[in-house]
Amino acid sequence: MKCPGCANDMVQVEVQSIEIDRCPACGGIVLDKGESEVIDSLGLAGMIEGGVSAEHAHAHPRTTVARCYECARDMIALRGAGDIEYDWCEGCERLFFDRGELTAFDA
């Protein structure tokens, strides 16, 4: 899978039996439909992001539109808790979090 943020190849990482797609280049994370609820209920956001602080999400804003390479669509930018912006694919309902956004979103 290609990273919606920077188009580099993502790697799959397993965290407590949940497969997470993470970009080794930019630190972005893609969650399939339903995974964000499981991560939230188990409190795993900080572990998945490796302790990246919420401030990092605001310090390095992305200037391009995220692209879902699975559906070949531009993703829709949404705002969540704490004014954190993340991206959603209308086609496959995946979520994309830039580095630091998942931890900030879960806070």
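Mentor: A cavity is a set of points, on a 1 Å grid over the protein atoms alone, where a 1.4 Å probe fits but cannot get out. The model is predicted, so local features need pLDDT of at least 70 and side-chain atom pairs count only at pLDDT 80 or more, whereas totals for chains, interfaces and linings use all residues. Residues are numbered from 1 along each chain as its sequence is written, and side-chain values use heavy atoms, with hydrogens and water left out.

The structure holds one cavity of 30 Å³ or more, and about 40 Å³ of space lies in the largest cavity, a volume being the space filled by probe spheres set on the points, which are joined across faces, edges and corners. Its lining (residues with an atom within 4 Å of a point) consists of Met1, Lys2, Pro4, Val30, Cys68, Tyr69, Glu70, Met75 and Arg94.

Turning to the strands (DSSP runs of E, at least two residues, numbered from the N terminus), strand 6 (residues 76–79) runs antiparallel to strand 7 and is joined to it by four bridges, with Ile76 having Trp88 of strand 7 as its bridge partner. Strand 7 also pairs with strand 8, again in the antiparallel sense, over two bridges, where pairing asks for at least two DSSP bridges; here Asp87 is partnered by Phe96 of strand 8. Six residues lie between the strands of this hairpin, in which Glu93 takes a positive phi near 65°.

Rings of Phe, Tyr and Trp (its six-membered ring) form an aromatic pair if their centres lie within 6.5 Å, and are stacked under 30 degrees between planes, edge-to-face over 60 and tilted otherwise. By this rule there is one aromatic pair: Tyr86 and Phe97 are stacked, 5.4 Å centre to centre with 20° between the planes. Tyr86 belongs to strand 7 (residues 85–88) and Phe97 to strand 8 (residues 95–97), so the pair ties together parts 11 residues apart in sequence. Tyr86 is buried at a relative accessible area of 11%, and Phe97 is buried at 0%, where buried means under 20% by a 1.4 Å probe on protein chains only.

Finally, Glu101 lies in helix 4 (residues 101–106), a helix being a DSSP run of H or I of at least four residues. Glu101 counts as buried at 6% relative accessibility, and its side chain reaches the backbone nitrogen of Asp98 at 2.7 Å.

How values were computed
Buried < 20%, exposed > 50% of the residue type's maximum accessible area, 1.4 Å probe, protein only. 1 Å grid on protein atoms, 1.4 Å probe; cavity = no way out; pocket = protein on both sides within 12 Å on 5 of 7 lines; lining within 4 Å. Polar contact = N/O pair within 3.5 Å; in protein donor to acceptor, adjacent residues only side chain to side chain.
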